[in-house]
Amino acid sequence: MSIILVIEDDARTASEIEAALIDNGCTVKIAVDGRAGLLEAATGRYDAIVLDRMLPGDLDGLGVLSTLRVAGIHTPVLILSALSAVDERVRGLKAGGDDYLTKPFEFLELTARIDVLVRRQSVAMPETSIRAGDLEADLLTHTVKRAGKLIDLLPREYRLLEYLMRHSGQIVTRTMLFEEVWHYRYDEPTNVIDVHISKLRRKIEATGAATVIRTVRGSGYVLDAPD
Amino acid sequence: MRLIELIHTTSFRLAIAFLVLFAVASGALFAFLSWETRDFLTDRTDEWLLREAGTLSALDDQTIISRLSARESLSAVRERPISLFDPQGHLLAGSTMTLPVYDVNKSNPHNFATKRADERAHFRGLVKRLSSGNTLLIAQDVGELREFNDVLTNAMILGAAVTAALGLLGAAFIGAGSVRQIHTISDVTRNIMSGDLTQRLPVLGGSGDVRRLVKVVNSMLDEIERLMHEVKGVCDNIAHDMRTPLTRMLAGLERARRRAVTADEYADYVDGAIVETQGMLKTFSALLRISEIEDGARRAGFVSVDMRTVISDAVELYEPLAEEREIRLSVDFGEVPVRILGDPSLLFEAVGNLIDNAIKFTPRGGAAKVTLEGHLKRPRLTVEDNGQGIPSQEKELVLKRFHRGEKSRHEPGNGLGLSLVAAIARLHRIDLSFGEQKIGCKIVLEFNHNEQGRALSSDTSLLS
């Protein structure tokens, strides 16, 4: 179970975030300003930090972040901001942020991204193949087998499936897929991603067994990998 | 109008400055001219004096006397008197002159005053003592020259005075004009500031530069007025597009409150509210994105983008959607690559939106085509389909925010797709237009430059 620190000055937003994260199985601690947040984060016992970009007082989100990084604390940080301009995002990531989410956001998007951040922290081994349930991806040849049977995939479909497999059991949103698989960025990818997913699904199902990619209501997907 | 205000105007000061400059320049010119003229005349006089002196001193006294007597009958003699005096200073022959009183042996030409007959006059001349002991006086009357000089000086002073007066008057006139103009401009500006955006600065006669400035300001006001109208239009549209889902949501929630009994029923109403809210969030963030793009700050992060990559990525993204709708989606990249400075994500979004629209508004079995023409002077990207097309009277409107064609009301979307494309095109200084076509819709993006072409031409210039 991951422990998440939420640094957010608006009490209602903070408690909504807390509720969403608790539903997602996390333990949450809330700090209401930069100073309190920094002190809390400095303990280093958190798996991830949700940081509001604009905080009251003399220490704003970016200040907290850069102080943390200077102090050698590398807890993954997701920045929340009402500022959507692209240079704001770049500035946030440069200051040491790991991800950036613009308000208003869907809580599914937030929890999915937090999951990815926490997980990224724990696995970082060089590997040549990954497994998820009965799927096995060969990272060198870019092929995927299901129960030993090769699935015929286009390059993009392979990348899509590989990303889902890397995050099997976690929710990934359309926006995340679009960023990680297509490498373009915008906040509102159309539902065209769904079409890609259903195509991919059909190919996986063609091997006989039931689907493993589950749609999460809202805008996400999960690759189920029963162990 | 107060005098102090007049003096402080730029045009008055400029006029005065030019006046002073003109006075100095013409004074210098006059001095130079009169000096040169005098020099020239003196030279000529001296030349004559020396020549006469040389000729006459070579002769004996009798010959001189007879020559001078013969000369007396000529009319020119009054202007150029020549006389011969005995050692005591008595006139022997020639013009009735008095020998200047000073030491007489000055054989170089010089200015002096002496009596001609009984009248005193100014001369330039020389006095030469001959070997016989007699003295020869050769002179040129310079009275006329002096008079001329005086007249010229007087004329110049008078001219300067008149010019100064006229100049001052002119400066005051121009200054007053500009003060008046500034007054009108500030009055109108105050009116505009207080909210009457329909007013424009008056384009007066005035000097060309003020006129030009006024024109620029007026076109700025046009732009501001247009933007204000657009903002108002957007607000109205937002109000409309937000009110509808808000009303639906409110009604749903109220109904839930009144009617719902079981948890499932509540869940249904909540789901309905969630869907409405998500829709509103999407509309809202699309709007924010448009204004962010229009802000132009994004240009700072422009990089060189290969349009072929962007297009093939976008086509690849939409291919499955086209397949699902049984629409033939084809691409023609042309021979020449197109590279432009831009934001890859935004360009992708623009191309993606165009393809999305083409697919959305084309019936099953139709075709959509993306063409890139890099060989043209202005590279061109065309996205066309053979769907229902856009009625010509709606073409301008669809580029505006929120407009959705009547036919497309039933299609999902927030009506911001094409205006987003238009905003992205504006940011990249790409011209967006509708191609003429009987069936379907054809949208043409014309790029202003081709990085590739520029790179190539600079390469060749390095080689040559």
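In chain A, 60% of the contacts between residues at least 6 apart in sequence join residues at least 24 apart. Bear in mind that this is a predicted model, with an ipTM of 0.74 and a pTM of 0.59.

**Chain A make-up**
- Chain A has eight helices and 12 strands.
- Of its 227 residues, 39% are buried.

**Confidence in chain B**
- Chain B averages a pLDDT of 81, and 89% of its residues come in at 70 or more.

**A five-stranded sheet in chain B**
- Five strands of chain B line up as β2-β1-β5-β4-β3, making an open sheet with antiparallel pairing.
- At the edges sit β2 (91-94) and β3 (110-116) of chain B, each pairing on one side only.
- On average, neighbouring strands of this sheet are turned by 40° against each other, ignoring direction.
- Sheet strands pair through backbone hydrogen bonds, in either a parallel or an antiparallel way.
- Looking at one pair, β4 (residues 119-129) and β5 (residues 135-141) of chain B run antiparallel and are joined by seven bridges.
- If you want a specific contact point to look up, B:R124 has B:Q140 in β5(B) as its bridge partner.

**Two positive phi values**
- Most residues other than glycine have a negative phi, which is the background for the next two cases.
- A:H142 isn't a glycine, yet its phi is positive, near 55°.
- You'll find A:H142 in the loop between β7 (135-138) and β8 (143-146) of chain A.
- A:H142 counts as exposed because it has 12 C-beta neighbours inside 10 Å, and the cut-off for exposed is 12 or fewer.
- Over in chain B, B:R429 also has a positive phi, about 55°, and is not a glycine either.
- B:R429 lies in the loop between α10 (417-427) and β11 (431-434) of chain B.
- With 14 other C-beta atoms within 10 Å, B:R429 is partly exposed.

How values were computed: Residues are numbered from 1 along each chain as its sequence is written. Chains are lettered from A and ligands numbered from 1 in the order in which they are written. This is a predicted model: local features need pLDDT of at least 70, side-chain atom pairs count only at pLDDT 80 or more; totals for chains, interfaces and linings use all residues. pLDDT is the predictor's confidence in each residue, from 0 to 100. Helices (H or I, at least four residues) and strands (E, at least two) are DSSP runs, numbered from the N terminus. A residue is buried if 20 or more other C-beta atoms lie within 10 Å of its own, exposed if 12 or fewer, and partly exposed in between; C-beta atoms are placed from the backbone. Two residues are in contact if their C-beta atoms, placed from the backbone, lie within 7 Å. Two strands pair if DSSP finds at least two bridges between them. Axes are lines fitted to C-alpha atoms, for helices over the stretch in contact, and angles run from 0 to 180 degrees between N-to-C directions.
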